[in-house]
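Reader: Please take a close look at the aromatic side chains, with the geometry of the rings and the cut-offs behind each term.

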Amino acid sequence: MFIYIIRRLFQTIPVMFGVTLAVFMMMHLIPGDAAQIMAGEQANPEQIEAMREKLGLNDPLYVQYFSYIGNAIQGDLGTSIRTNRDVTSEIFTSRFWITVELAIWGTILSVILGLIAGIVSATRKYSFADTSLMIVALFGISMPNFWLGIMLIYFFSVNLGVLPVAGWGNDWKQMILPVITLGTGGAAIIARMTRSSMLDVIDQDYIRTAYAKGVSDKLVIYKHALRNALIPVVTVVGLQFGGLLGGAVITETVFAINGLGRLIISSITMRDFPMVQGTILVCTILFVFVNFLVDITYRLINKRIDLN
């Protein structure tokens, strides 16, 4: 296990470099001039050039990139061009935890709904319940986050007036619509994966043997079938969590939540290179860490899995 952990840590290094390089190049390909934005519309060419020199934008791209990487390794993600504040402080003061909390609650909702729907469908194969749940899951996968969020706002906030339109953290009711919006698509995917995985397991000989020995249905389903069907489901959950961090950009915009999603959007608009790069780097590290935990979970579920 220790060797596996060390190997995975080393494998994350090229991933980090690749992500930072891709984001760095894409930000510099976006039309517009960050120095012009910072200097203001009324700035003259001399002021704009002075701003470019101050921001280091006159240096070659490779110099700018390696300077950024060197500082990032030391924990310095730079200074925001837009707010002139430390990027690390602005990310971790509140926005990071808002997005993580939103993603965690969305994942919990996805797992609960997805497992229940998947187990019911698998144990009642080709029944009305199975067909109905899979149709609902298909709709869940097909619905875009922004459309679902707007529909929920229109129905529960505008028409019924029972839930807040926007915000996060001041009232538990503010969490309901964003979490439903973010978790619905993931729940649908987990439901379909759980059903497929459990059907494969239920057809195995050892399940039929357990039934032949008189083991109760609940024990067979939840201890034997579900446990052995969880490996692909856990993989999907890990990927879903990373997807929820990305999907939070849309959800936070719809519900006016001041998380990393809105921070990325505003930073891209203002061509705030350090803030965009720092935010995406933090999200990437979190995503890699979650997938690392997923790999460890494999061993906890099935001791026979060799991680080395």
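Author: One aromatic cluster is formed by Phe92, Phe96 and Trp97. The model is predicted, so local features need pLDDT of at least 70 and side-chain atom pairs count only at pLDDT 80 or more, while totals for chains, interfaces and linings use all residues. Residues are numbered from 1 along each chain as its sequence is written, and side-chain values use heavy atoms, with hydrogens and water left out.

A pair of aromatic rings is described by two quantities, the distance of the centres and the angle of the planes. Rings of Phe, Tyr and Trp (for Trp, the six-membered ring) count as a pair if their centres lie within 6.5 Å; the pair is stacked if the planes are under 30 degrees apart, edge-to-face if over 60, and tilted for the rest. On that basis the structure holds 4 aromatic pairs.

One of them joins Tyr65 and Phe66: the ring centres are 5.4 Å apart and the planes stand at 70°, so this pair is edge-to-face. Tyr65 is buried at 7% relative accessible area, whereas Phe66, at 55%, is exposed. Here buried means under 20% relative accessible area, exposed means over 50%, and partly exposed lies in between, with a 1.4 Å probe and protein chains only.

Phe96 and Trp97 also make a pair, with ring centres 4.8 Å apart. Their planes are at 80°, so this pair, too, is edge-to-face. Phe96 is buried, with a relative accessible area of 9%. Both Phe96 and Trp97 belong to the cluster that also includes Phe92.
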